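Morning, everyone. Please open the structure on your screens, and we will walk through it together.

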Amino acid sequence: MISPMEKAGILVEALPYIKKFYGKTVVIKYGGHAMVNCELKKAVLTDAVLMKYVGMHPVIVHGGGPEITGMLKRLGIESNFVGGLRVTDAETMEIAQMVLVGKINKDIVGMINDIGGHAVGLSGKDGNLLVAGKKMGRVRNADGTEETVDIGLVGEVRQVNPGIVNTVIREGYIPVVAPVAVGEGGHSYNVNADSAAGALAVALKADKLVILTDVEGILADRNDKSSLISTITRQQVPGLVERGIIDGGMIPKVECCISALQGGVGTTHILDGRVPHSVLLEIFTDRGVGTMVTN
Ligand SMILES: Nc1ncnc2c1ncn2[C@@H]1O[C@H](COP(=O)(O)OP(=O)(O)O)[C@@H](O)[C@H]1O
Ligand SMILES: CC(=O)N[C@@H](CCC(=O)OP(=O)(O)O)C(=O)O
């Protein structure tokens with residue numbers, strides 16, 4: 001048990017950070033792998049509620065890849081991925097939208113409201129928030145050459161209309177955004193949630209982009225948890241990708257951090273969503289957790 005003096009010390013330590021980030025927007029990408037445990041989910045959403053009550057503007061963009069895969073499996077539909085992106089035919093799109101918008105988004109909104117916050121759920125289709133065009137997949141052949149393949153209704157965000165999010169923020173709510181975008185003719189596109197969060201962070205001129213995942217951050221050696229890289233500049237990232245140190249699902253995350261930084265976002269962070277209150281620890285204490293990618 002910590003003593004009352006220690007508790008007071010922790011609150012005082014938070015003061016300069018509360019002052020620094022008062023009125024600032026923080027986009028939190030909450031990935032599907034970090035959602036599996038209900039207690040952890042509650043801890044992440046409590047952090048967002050606390051941020052809101054101390055005057056920050058948290059915006060949650062959620063994923064839900066594992067839940068989409070689970071639902072597809074229950075319906076006897078196989079999941080295929082190209083470069084970390086789900087190959088999305090019309091039927092898969094319908095199910096992805098049902099799971100992301102109908103289930104996960106509403107579960108998160110319900111949980112935030114239950115904790116004592118006020119949340120509003122949106123998809124990228126609401127208010128034309130995320131307008132997308134077709135994204136092609138890239139596969140690397142054994143000889144190192146790259147090939148472009150059709151991955152169906154996977155979208156890349158071409159335009160963000162943040163009006164609806166700003167309205168929701170202004171009215172005192174926490175926006176919770178599902179990564180389903182609108183395309184020509186009003187049809188749906190399945191967008192990778194990291195990319196959706198990055199694009200939204202730029203459009204909102206966010207101070208921070210926080211990506212929650214299921215590893216400690218960027219590791220110099222993936223088999224050694226103590227090899228966490230605490231800070232890295234965006235210029236150092238391509239070298240690590242070329243050397244294969246950053247690989248797989250971490251690639252879209254670092255790419256998204258780089259484009260967010262280039263688009264004017266202050267700092268970007270890749271944090272371990274399995275650590276309770278990792279967002280609070282990152283924002284309100286002297287001991288940052290995870291990896292910070294900076295300019
Ligand atoms: N250098 C690295 N450090 C940490 N993780 C890495 C690294 N390179 C690749 N990865 C992989 O990236 C994964 C995170 O991406 P992903 O599974 O897509 O996360 P999420 O579901 O949260 O979006 C890690 O579980 C790990 O396997
Ligand atoms: C195109 C594409 O792959 N879309 C993702 C959208 C959800 C997502 O990104 O969820 P995580 O953040 O939990 O991985 C998918 O269908 O799984």
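One definition to start: two strands pair if DSSP finds at least two bridges between them. Keep in mind that this is a predicted model.

Now take strand β15, residues 267-272. What is the bridge partner of leucine 212 in β15? The partner is leucine 271.

β15 has another neighbor, strand β16, residues 291-294. This pairing is antiparallel, with 3 bridges. Here histidine 269 stands opposite methionine 292 of β16. A general point about strands: in a regular one, side chains alternate between the two faces of the sheet.

Let's step back to the domain. An unreviewed UniProt entry lists residues 24-272 as "domain: Aspartate/glutamate/uridylate kinase". That span is 36% helix and 27% strand. Its end C-alpha atoms lie 22 Å apart.

Next, the core. The largest nonpolar core has 82 residues. Which of them touch the most other members? Val27 and Leu200 do. Helix α4, residues 90-115, gives the most to this core, with 9 residues. Look at leucine 200 up close. Leaving out residues up to four places away in sequence, leucine 200 touches Val27, Val59, Val61, Val160, Pro162 and Val177.

On to the ligands. Ligand 1 is surrounded by 18 residues. Gly31, Thr213, Leu219, Gly249 and Met250 are the closest. By class, that shell has 7 nonpolar, 8 polar and 3 charged residues.

Ligand 2 has 14 residues around it. The closest are Gly32, Gly63, Gly65, Arg86 and Ala193. The shell around ligand 2 divides into 6 nonpolar, 7 polar and 1 charged.

Last topic: backbone angles. Most residues other than glycine have a negative phi. Asparagine 128 has a positive phi, near 50 degrees. You will find asparagine 128 in the loop between β5 (119-123) and β6 (130-134). Lysine 205 also has a positive phi, about 55 degrees. Lysine 205 lies in the loop between α6 (193-203) and β13.

Why does lysine 205 count as partly exposed? Lysine 205 has 13 other C-beta atoms within 10 Å. Buried needs 20 or more, and exposed means 12 or fewer, so a count in between is partly exposed. Asparagine 128 is partly exposed too, with 15 such atoms within 10 Å.

Methods:
Residues are numbered from 1 along each chain as its sequence is written. Chains are lettered from A and ligands numbered from 1 in the order in which they are written. This is a predicted model: local features need pLDDT of at least 70, side-chain atom pairs count only at pLDDT 80 or more; totals for chains, interfaces and linings use all residues. UniProt positions are given in the numbering used here, feature names are shortened, and annotations may be inferred rather than shown by experiment. Helices (H or I, at least four residues) and strands (E, at least two) are DSSP runs, numbered from the N terminus. A nonpolar core is a set of buried Ala, Val, Leu, Ile, Met, Phe, Trp, Tyr and Cys residues joined through C-beta atoms within 7 Å. Two residues are in contact if their C-beta atoms, placed from the backbone, lie within 7 Å. A residue is near a molecule or strand if its C-beta atom, placed from the backbone, lies within 6 Å of it. Ala, Val, Leu, Ile, Met, Phe, Trp, Tyr, Cys and Pro count as nonpolar, Asp, Glu, Lys and Arg as charged, and the others, Gly among them, as polar.
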